[in-house]
Amino acid sequence: MLSSRELDVEIGIHAFPDMSASFELPDDDGELLWSSLQSRSAFGHVVMEAAQGVLRLHGEDGYRKKWMLHPFPVDELGELRRLHLKWDACDLPHELSPSG
């Protein structure tokens, strides 16, 4: 579960006894296993870096072979990168392009 808190993101991982029925239940019905509050800048950066790492490791074709149902979200990663660099004032190093 992700929740926006001004310039922070609250992250919560919940466990449900029956995974097949959990999609219809409110998040609070699950047992909270872990939570953290992170800056939007840090969260956006690590999500972007993780996605870029998957793309670098597998490429678009390799990702499609593993995931099957959907192609790699190249456009969404580009938009995340654009917004992160524009709004998050992140001091961490960034790659020049989403694919490396």
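Tutor: Let us begin with a term. Two strands pair if DSSP finds at least two bridges between them. Please keep in mind that this is a predicted model.

Student: Which residue is the bridge partner of S4 in β2?

Tutor: The partner of S4 is V9 in β2. Likewise, L2 stands opposite I11 in that strand.

Student: How many bridges are there between β1 and β2, and in which sense do they pair?

Tutor: Strand β1, residues 2–5, and strand β2, residues 8–15, are joined by four bridges, and the sense is antiparallel. The two strands form a hairpin, with two residues between them.

Student: What about phi at E6?

Tutor: E6 is in the turn of the hairpin, and its phi is positive, at about 55°.

Student: And how many bridges join β2 to β3?

Tutor: There are eight bridges between β2 and β3, and these strands run antiparallel. Two positions illustrate the pairing: H14 stands opposite L32 in β3, and I13 stands opposite W34 in β3.

Student: What is the strand order in the sheet, then?

Tutor: The order is β1-β2-β3, in an open sheet of three strands with antiparallel pairing. β1 and β3, the latter covering 31–39, are the edge strands, as each pairs on one side only. On average, neighbouring strands of the sheet are turned by 20° against each other, direction ignored.

Student: Where does α2 lie?

Tutor: Helix α2 lies across β1, β2 and β3, and it runs at about 105° to β3.

Student: Let me change topic. Which residues make up the largest nonpolar core?

Tutor: That core has five residues: M48, L55, Y63, F72 and L77. Helix α2, residues 40–67, gives the most to this core, namely three residues.

Student: What does M48 touch?

Tutor: Leaving aside residues up to four places away in sequence, M48 touches L77, L80, R81, H84 and H94.

Student: Now the aromatic rings. How many aromatic pairs does the structure hold?

Tutor: There are two aromatic pairs. One of them is formed by Y63 and W67, which are stacked, at 6.2 Å centre to centre with 20° between the planes.

Student: How far apart are Y63 and W67 in helix α2?

Tutor: Y63 and W67 are four residues apart in α2, so about one helical turn separates them.

Student: Is Y63 buried or exposed?

Tutor: Y63 counts as buried because its relative accessibility is 16%, and the cut-off for buried is under 20%. W67, by contrast, counts as partly exposed, at 48% relative accessibility.

Student: Why is the pair of Y63 and F72 called edge-to-face?

Tutor: The ring planes of Y63 and F72 are at 85° and their centres are 5.0 Å apart, so the pair is edge-to-face. The cut-off for that label is over 60 degrees between the planes. Y63 and F72 are both buried.

Student: Which aromatic cluster includes Y63?

Tutor: Y63 forms one aromatic cluster with W67 and F72.

Methods: Residues are numbered from 1 along each chain as its sequence is written. This is a predicted model: local features need pLDDT of at least 70, side-chain atom pairs count only at pLDDT 80 or more; totals for chains, interfaces and linings use all residues. Side-chain values use heavy atoms; hydrogens and water are left out. A nonpolar core is a set of buried Ala, Val, Leu, Ile, Met, Phe, Trp, Tyr and Cys residues joined through side-chain atoms within 4.5 Å. Buried means under 20% relative accessible area, exposed over 50%, partly exposed in between (1.4 Å probe, protein chains only). Contact means heavy atoms within 4.5 Å. Rings of Phe, Tyr and Trp (its six-membered ring) pair if their centres lie within 6.5 Å; planes under 30 degrees apart count as stacked, over 60 as edge-to-face and the rest as tilted. Axes are lines fitted to C-alpha atoms, for helices over the stretch in contact, and angles run from 0 to 180 degrees between N-to-C directions.
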